[in-house]
Amino acid sequence: GGTTYAGLAECVAPSSLTATCTPLFADYGPKCTAAAAARVTGVDVVSTATACCAAAVPFGSSNCSCASPPLGTMDSFYQVATGCAALGVTVPVPACVTAQIQTCGVNAAEMSTKCTAAVAAPTDLVAGAACCTAAQPVGAANCPCMLPDNVDNTLKLTFGTIATRCNSVGVAALAVNIPSCVATLMPSPVPATPTTPAPTQLYQIPRDKNVAVTEVQALAIIKGWEKAWLDAIPAKAATYTHIDVAYIAGRSLEDTIKEASQGAYALIAVGYVLVVSYIALFFMFSSTNGACGVNGSAPGVASGVAAALVIMLATLSALGISGLLVSAGVLFTALTLQVVPFLALGLGINDYFVMANYVAAAVAAA
């Protein structure tokens, strides 16, 4: 940010640092790793710590933490320098480490502000995302391992809680790195770096195979695939509790029209049987004072049954002619198959009763 830090001039070229620091790191790295292990086991703590501090002094004096590529991490060196200071050994801290600590302080302050706002509004997803975004640079630079903390490790534990919650969301863009110095303090084991599980393969790439088919066969293949898809969707949709699935395929409209065009043959047959039965009963048991004359008089039961048969033949003839027109290229809506038989039966029988009324009256008058 344009700020000049005292001591930056002490840093030498990265190539020179690498040449100088590689042998120093070969001495410093193993000794301080052994000291860290001794703190865990409680064996040879003082001797390993003394050896680590002795190797860290020339490593720090040569600004080796500023080498590129890095030799170790800045936070691990800073922890070593802090631990050595508690033992009375002063380890020089390079300016690049001091600059990183200052950057960590700025990032930690921003994280604290945004995460405090997120805690105050637990249902605000935007505030929660802002908290995780602000925590990412803090974790990436291992800042909790470098910033001063109290004896209760409040800063480290607070950061561990924030990072754990951000990682539990399962969104890679909000994942926060958890440094090892924080992971070891958490109540349950937490990986230093969140891992993303390998995605489950939801598809299988088919093998390419060229098969020569006709246009009719290709259309049958496509429609067959669509039918298999349509048949599988209802079972899948039934597994959802709060989602209503509406689906359609290229053949859906055609299938709907085809289903609606299927003639209700059973209903048509029942309709004609009921009408014929009604005609027969009407003319057999009509009153002698009725318009149709005495029982069994003209036009009679046979005439009514014949009228129903004529209506049926007329309907079949009309549908047959329509079929011929379709073969000739004239468009014909098959949905009328559901309507025409009943409409023709109703109108035909109505006209028959009108004529039967006048025939009966004429017979009675004669």
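Which residue forms a disulfide with C132? Select C132 and C166, which form a disulfide with their sulfur atoms 2.0 Å apart, a disulfide being a pair of cysteine sulfur atoms within 2.5 Å. The model is predicted, so that local features need pLDDT of at least 70 and side-chain atom pairs count only at pLDDT 80 or more, while totals for chains, interfaces and linings use all residues. Residues are numbered from 1 along each chain as its sequence is written, and side-chain values use heavy atoms, with hydrogens and water left out.

Staying with this first stop, the link of C132 and C166 is left-handed, with -95° about the S-S bond. The pair links distant parts of the chain, 34 residues apart, from C132 in helix α5 (residues 125-140) to C166 in helix α6 (residues 154-168); helices here are DSSP runs (H or I, at least four residues), numbered from the N terminus. C132 counts as buried at 6% relative accessibility, where buried means under 20% relative accessible area with a 1.4 Å probe and protein chains only.

Next, select C53 and C84, which a disulfide joins with an S to S distance of 2.0 Å. This pair also links distant parts of the chain, with C53 in helix α2 and C84 in helix α3 (residues 74-86), 31 residues apart. The disulfide of C53 and C84 is left-handed because the torsion about its S-S bond is about -100°.

Finally, move to C32 and C52, joined by a disulfide (S to S 2.0 Å), whose link is right-handed, with 95° about the S-S bond. C32 lies in helix α1 (residues 14-41) and C52 in helix α2 (residues 45-61).

Definitions and conventions
Helix = DSSP H or I, 4+ residues; strand = E, 2+ residues; numbered from the N terminus. Buried < 20%, exposed > 50% of the residue type's maximum accessible area, 1.4 Å probe, protein only.
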